[in-house]
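Work through these exercises with the structure open beside you. Try each task before reading its solution.

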Amino acid sequence: MREIKHWIKGTAVAGTGDRRLPVYDPATGEQQAYVVAATSAETEAAIASAKAAFAEWRAASLSRRAEVMFRFRELVDANRKEIAALVSAEHGKTRADAEGEVARGLENIEFATGAPHLLKGGYSEQASRGVDVYSIRQPLGVVAGITPFNFPAMVPMWMFCNALVCGNTFVLKPSEKDPGVSLMLADLLRQAGLPDGVLNVVQGDVEAVDTLLQSRDVEAISFVGSTPVARHIYETGTRRGKRVQALGGAKNHMVVLPDADIGAAADAAVSAGYGSAGERCMAISVVVAVGASADPLVDAIAERIGRIAVGPATDPAAEMGPLISREHRDKVASYLDAAGDLVVDGREAPIAKGPGFFLGASLLDKVPTDSPAYQDEIFGPVLSVVRTDSYEEAVDLVNKNPYGNGTAIFTRDGGAARQFQYDVVCGMVGVNVPVPVPVAYYSFGGWKSSLFGDLHMYGPDGIQFYTRSKVVTSRWPDPATSEVDLGFPKVR
């Protein structure tokens, strides 16, 4: 059985612990590999490796760091099909979906190549007579990333690309469910010229996470996952004096007004609700059908569900793959009996009978807002429809939800769309765009229980998160004019 190893000091290292964590093929249900869960000592060795590499990497010029990112970008692009194939094999998502993930990751590398511009400070000449003031941004030191199973290539690149070009060193703890991609990316960075020890990868679970949280040498932690874990990471990390950005769960609503193009809205709901089998934190999980839009919209969604091709990534015709594990598949399926009118039951799809962790696309209508199907983050191919009588009721529904990751509105009315983006309490908003994931030169993150911390992921916020500002006040006086002055420094 193949072991997926750690990556420390620029090379793959076999685990020495006594706990083996299985890595399954979600399309067949069979174990294909395993990781040896990192012990505290192994995680500390990765941290020590990053700490030892920091001084040299921090001293590297901005052009040198950008050069590594340029080379890494070319290597990822040249190997995108191989990366996508590994994502599909371990996660289960279709090849097209996996290639899309790699493409979005490439955008983050491209943003990071702009480090020489992004890290420019400010300069004020003659702030006082003979005094200049300027600001600079400096790296934090050793930083860590804890990433989820649903985007094993893209989310690590959200984190380490910016962290590295800012001059930090990095310890990555990927999901143990699909960990192989992290090693491939680490090796491509090595080929791109990243010095040994600047990026390290530890495979494992809560023991590795706890070690990262407790280490005095880890200055900052980035996390993407469920809200309960995000809250724990944030509270534990900040209590130990670390800078933390922790992205949590979501319950993304798509509001459809009566004037919307019903066909286009149905296409969007199906695409955003069932893409990657719903295992996206930006997936649409609730369609809010306003007024007369409800009946035709539900009918249009149901009709389209029947045309979705569900199958393994090895099937070129497949549009939706399996879920990540048998336990998760069964949990998602349990919501279908929870509440509302079951319009389409994904358990009846032939492929849901096995092998593999498949569940067909499912549709619930008239879902009560006090039911688990509405309140929980299902994270699977289950789309709930909630009906409202008015725009105001729809917005109130979105704003009262404890999550605030992403939302969307479908309408032909520009005034209503503009009012929605003003009214809605949410971090990312789409207008006739169902999955409003920002491009790499903006930043990704929600509000309320979808984000713990002040700064969003990647983009400008990412640069700010992985650096701290220093302000220098400078004067080079003529020694002949020097004198003692006990008064407060003057600027006028």
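This is a predicted model: local features need pLDDT of at least 70, side-chain atom pairs count only at pLDDT 80 or more; totals for chains, interfaces and linings use all residues.

**Exercise 1. A charged patch**

Is Arg 58 buried, partly exposed or exposed, judged by its relative accessibility?

- Step 1: Take the accessibility. Arg 58 has 37% relative accessibility.
- Step 2: Apply the cut-offs. Buried means under 20% and exposed means over 50%, with partly exposed in between. Arg 58 therefore counts as partly exposed.

**Exercise 2. A covered strand**

How many residues of strand E14 are buried? Find a strand that pairs with E14 too.

Solution. 
- Step 1: Count along the strand. In E14 (residues 284-290), 7 of 7 residues are buried.
- Step 2: Find the pairing. Strand E13 (residues 252-256) pairs with E14 in the parallel sense, over 5 bridges.
- Step 3: Name one bridge. Val 255 has Val 288 in E14 as its partner.

**Exercise 3. A nonpolar patch**

Which residues make the nonpolar surface patch of about 350 Å²?

Solution. 
- Step 1: Name the members. The patch consists of Val 439, Tyr 441 and Tyr 442.

**Exercise 4. Salt bridges**

How many salt bridges are counted? Examine three of them: Glu 207 with Arg 19, Lys 51 with Asp 217, and Asp 77 with Arg 73.

Solution. 
- Step 1: Side chains of opposite charge can pair when their charged atoms come close.
- Step 2: Take the total. There are 25 salt bridges.
- Step 3: Examine Glu 207 and Arg 19. Their side chains meet at 3.4 Å, N to O. Glu 207 is in helix H8 (residues 206-214), while Arg 19 is in the loop between strand E3 (11-13) and E4, 188 residues apart. Both are partly exposed: Glu 207 has a relative accessible area of 29%, and Arg 19 has 31%.
- Step 4: Turn to Lys 51 and Asp 217. This salt bridge spans 3.1 Å, N to O. Lys 51 lies in helix H1 and Asp 217 in the loop between H8 and strand E11 (218-224), so the pair ties together parts 166 residues apart in sequence.
- Step 5: Finish with Asp 77 and Arg 73. They meet at 3.6 Å, N to O. Both lie in helix H2 (residues 62-78), 4 residues apart, so about one helical turn separates them. Shared partners join Arg 73, Glu 74, Asp 77, Arg 80 and Glu 110 into one salt-bridge network.

**Exercise 5. Backbone exceptions**

Where is the cis peptide bond that involves Pro 355? Find the phi of Lys 366 and of Asn 432.

Solution. 
- Step 1: Most residues other than glycine have a negative phi, and most peptide bonds are trans.
- Step 2: Find the cis bond. It runs from Gly 354 to Pro 355, with omega near 0 degrees. Pro 355 is in the loop between strand E15 (341-344) and strand E16 (362-365).
- Step 3: Read phi for Lys 366. The value is positive, about 55 degrees. Lys 366 is in the loop between E16 and helix H13 (372-375).
- Step 4: Read phi for Asn 432. This value is also positive, about 60 degrees. Asn 432 is in the loop between E20 and E21.

Conventions. Residues are numbered from 1 along each chain as its sequence is written. Side-chain values use heavy atoms; hydrogens and water are left out. Buried means under 20% relative accessible area, exposed over 50%, partly exposed in between (1.4 Å probe, protein chains only). Helices (H or I, at least four residues) and strands (E, at least two) are DSSP runs, numbered from the N terminus. Two strands pair if DSSP finds at least two bridges between them. Patches are made of residues with over 30% relative accessible area and no salt bridge: like charges are joined within 9 Å, nonpolar side chains (Val, Leu, Ile, Met, Phe, Trp, Tyr) within 5 Å. Accessible areas come from the Shrake-Rupley method with a 1.4 Å probe; for residues, only the protein chains shown count as cover. A salt bridge is a side-chain nitrogen of Lys or Arg within 4 Å of a carboxyl oxygen of Asp or Glu.
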